[in-house]
Amino acid sequence: MEEIKMKKIISLILLPFFALMFSTNVKAESLTLGWAAWDPANALVELSKEFTAETGIEMNFEFVDWTSYADRMLNELNNKGKTFDLLVGDSQWIGGGAVNGHYLKLNDFFDREGISMNDFSDATVYAYSTWPKGSENYYALPLMGDALAWAYRKDWFDRPELKSEFKSKHGYDLGVPKTWGELHDMCSFFQGREIDGVVRYGAALNTERGSEGITMGVTAAMYAWGMEYEDPNKPYHSDGFFNAPNVVEAVEFYKKMYEDCSPPGHSNAYMGENLDAYSSGQVAFQMNWYAFWPGVAKGDKDGRVTGFFANPCQEICAATLGGQGISVVNYSDKKELAQQYIKWFARPDVQQKWWDLGGYSCHKDVLGSPDFVNSAVYAQGFLDSMGIVKDFWQEPSFVELLIPMQENMHDYIVNGKGSAKGALDNIIEEWEEVFESEGKL
Amino acid sequence: MKKLVIKSKGLSDKAIGWLFIAPTIILLLLINVYPLIYAIRMSFTNFYANKLTQVVKNVGLKNYYKILGKEAIWEKMQITAHFMFWTLSLQIIIGLSLALLLNKKFKGNELLTTTIVLPMMLSPAVVGVFWGYLYNPQVGLFTYIVNFFYDFGSFDMLGSGTLAPWAIVIVDTWMWTPFTMLICLAGLRSIPGYLYEAAEVDRASKWQQFVYITLPSVLPFLLLALLFRGIENFKMFDMVMELTGGGPGSMTELTSMNLKREAFEKWKTGYSSAYAVILFVTIFGFGNVYVKVMNKIKDR
């Protein structure tokens, strides 16, 4: 009797272990997708539940904080890691992804499955998918369209006393700035101003040094001043272009914006810090990516508090490109499954859901839909911006090109060391060294 | 019979000794000596760890010339030297002062010692993060305390090129002074009481007792603390990385941080190996000279 009882107890103890072993053996197929940790990534998790429901393929996600995103992902690729089957890589990685064999070339797969790149916005295909640039070699499907834009405190702008004071001071209406000059007038107008008994500041600008922050900020001004990275006739020759007088002026202007409009302590700020400064009511303007606007607009249903606008023009109209494409990692053992996900994601109905959930679709059916412009307060700005975007170098060695840009811009703009021309010359010198080592110069 | 004895003896004492230390030696060779030799070999090449398909060329001493001739590298060396000089000086002075204070017997001595020692038990990364908040010009406690004594207005310790190098010195001093204090305290407690009694009999003043008894007795301990802290601060990375990330500009970018950027962000493996070798030789050279000086002082 005792023996039977003991057997029962042992069976009960062992049962869960056997169950676990059995469940492991019949575990569904799964994919792991890597991206940065931010709002759109959460939207993608939601969206991907439908993929799992349709195919039975489990989706796992690994999201990395923006400041470590490039380090983590690029190290993974350089080490030929198998952690990720799908990677949502930054636009600048496409060159390295293609040349170093990290990303699977998708042309054959697209042809086989009838996925046409013509269905996606031209600017995003160019920016997120192709290498060499403008060729028809595709290494990613545009996943998240994005550009640097601005949010402003519409409720402050609508105050009659502030409006009249601004007009009497500057001779034009306080409203959405059309140029960087106007932006400076407005942000300096709010700097140190007391509103509702609290001291406010002008603008939360990108000044972060460690990853890409200050570059993504200052280039918003540089592009508007008509900056070119290189001589269009002599690739990789930047002298005379990247350090041209208009570019020097743009960098000096950004420094002036930082000095005249930033809240105290905003010397190493990027996406999160700008959002915090804005949402806590410290600043009248924030520069940030469109990706964050759904979150900003969420708490402002009637659109009274916040307004959005595309990067202001100066000599030309241009905006800093953000956003990412989704690629199949060449070292994955599940490339077929990963392609299945991309095939599903490219479907127009999925793309529409992606936009509805807060992701920025690049599909022409979504962007061209008559309802699109009215679907969100920032939708028109997004469309305008995506037509004028410019990106940093997308060369395989882009990190080596980015580091001197970060260091020299931060040194001049935040630290006040040297001159804008000197900083640009230093950057060119370091870029030339990189291109020479690669035999491109 | 003799044969039997030898047989039963088995391995000699020397052989057994070698057998015991062999695993350690093998491990050391594998994880210390081999990477060092490999790095030295790499330092003469143009190897990039992220471009494995690229042909690796021997470039001779080019990497060394490049590093030693680069103004930016010397700037980083200067920044590191500034950081080391001030942190070590302050830690020695404050550490010794605190040790002298805690060497006296008073109520709450033990509690005070434990409290003072707390900062060095924290993780440097955590210290970096919370001092970032303390330095915040709008809500930081540090700004508030400074302005309480004299109204400087809003100042940004981490955003100003003039203040940021001092910001990291303050944090490192706050964190590691307890370490020098503990070592000094150990030194002070090892001084026999009869020396002071004899000095009292000879009517030596307190100052004379400090100069002729306390300081010479505690000096070897101080030098040891200086050696440990010197080596640590030459390699300083985590706390400063969290606090300033090397900024503003490159005003607080220490050599170790710069080396990390070259090696694991730009992936210039050959170049950064040469850089690492130069740093290794520097610290090794200084360390050796220092130990010799320290031994001479001890022998006196």
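Two residues count as being in contact if their C-beta atoms, placed from the backbone, lie within 7 Å.

**View 1. Where chain A meets chain B.** This is a predicted model, and here we look at the contact between its chains. Chain B brings 20 residues to the contact, while chain A brings 17 residues. On the side of chain B that touches chain A, 11 residues are polar, five are nonpolar and four are charged.

View 2. Chain A has a mean pLDDT of 91, with 94% of its residues at 70 or more.

View 3. Domain 1 takes in 31-146 + 323-382, and domain 2 takes in 148-320 + 397-437, according to the domain assignment. Their centres, taken over C-alpha atoms, are 28 Å apart. Where the domains touch, 19 residues of domain 1 are in contact with 18 residues of domain 2. Helices H2 (39-55), H3 (66-78), H4 (94-99) and H18 (379-386) of chain A each supply at least two residues of the domain 1 side. H3(A) gives the most to that side, with four residues. Sorted by class, the domain 1 side has 11 nonpolar, six polar and two charged residues.

**View 4. The surroundings of A:Ala36.** You will find A:Ala36 in strand E1 (residues 30-36) of chain A. A:Ala36 counts as buried because it has 23 C-beta neighbours inside 10 Å, and the cut-off for buried is 20 or more. Beyond its neighbours within four places in sequence, A:Ala36 is in contact with A:Ala41, A:Phe63, A:Val64, A:Trp66 and A:Tyr69.

**View 5. Two cis peptide bonds.** Most peptide bonds are trans. The bond from A:Trp131 to A:Pro132 is cis, with omega near -10°; A:Pro132 sits in the loop between helix H6 (122-128) and strand E4 (141-144) of chain A. In chain B, a cis peptide bond joins B:Gly247 and B:Pro248, with omega about 0°. B:Pro248 belongs to the loop between helix H11 (238-243) and helix H12 (255-264) of chain B.

View 6. Most residues other than glycine have a negative phi. A:Lys80 has a positive phi, near 55°, and lies in the loop between H3 and strand E3 (86-90) of chain A. A:Asp196 also has a positive phi, near 55°, and lies in the loop between strands E6 (194-195) and E7 (198-199) of chain A. A:Asp196 counts as exposed because it has 7 C-beta neighbours inside 10 Å.

Technical notes: Residues are numbered from 1 along each chain as its sequence is written. Chains are lettered from A and ligands numbered from 1 in the order in which they are written. This is a predicted model: local features need pLDDT of at least 70, side-chain atom pairs count only at pLDDT 80 or more; totals for chains, interfaces and linings use all residues. pLDDT is the predictor's confidence in each residue, from 0 to 100. A residue is buried if 20 or more other C-beta atoms lie within 10 Å of its own, exposed if 12 or fewer, and partly exposed in between; C-beta atoms are placed from the backbone. Ala, Val, Leu, Ile, Met, Phe, Trp, Tyr, Cys and Pro count as nonpolar, Asp, Glu, Lys and Arg as charged, and the others, Gly among them, as polar. Domain bounds come from an automatic or database domain assignment.
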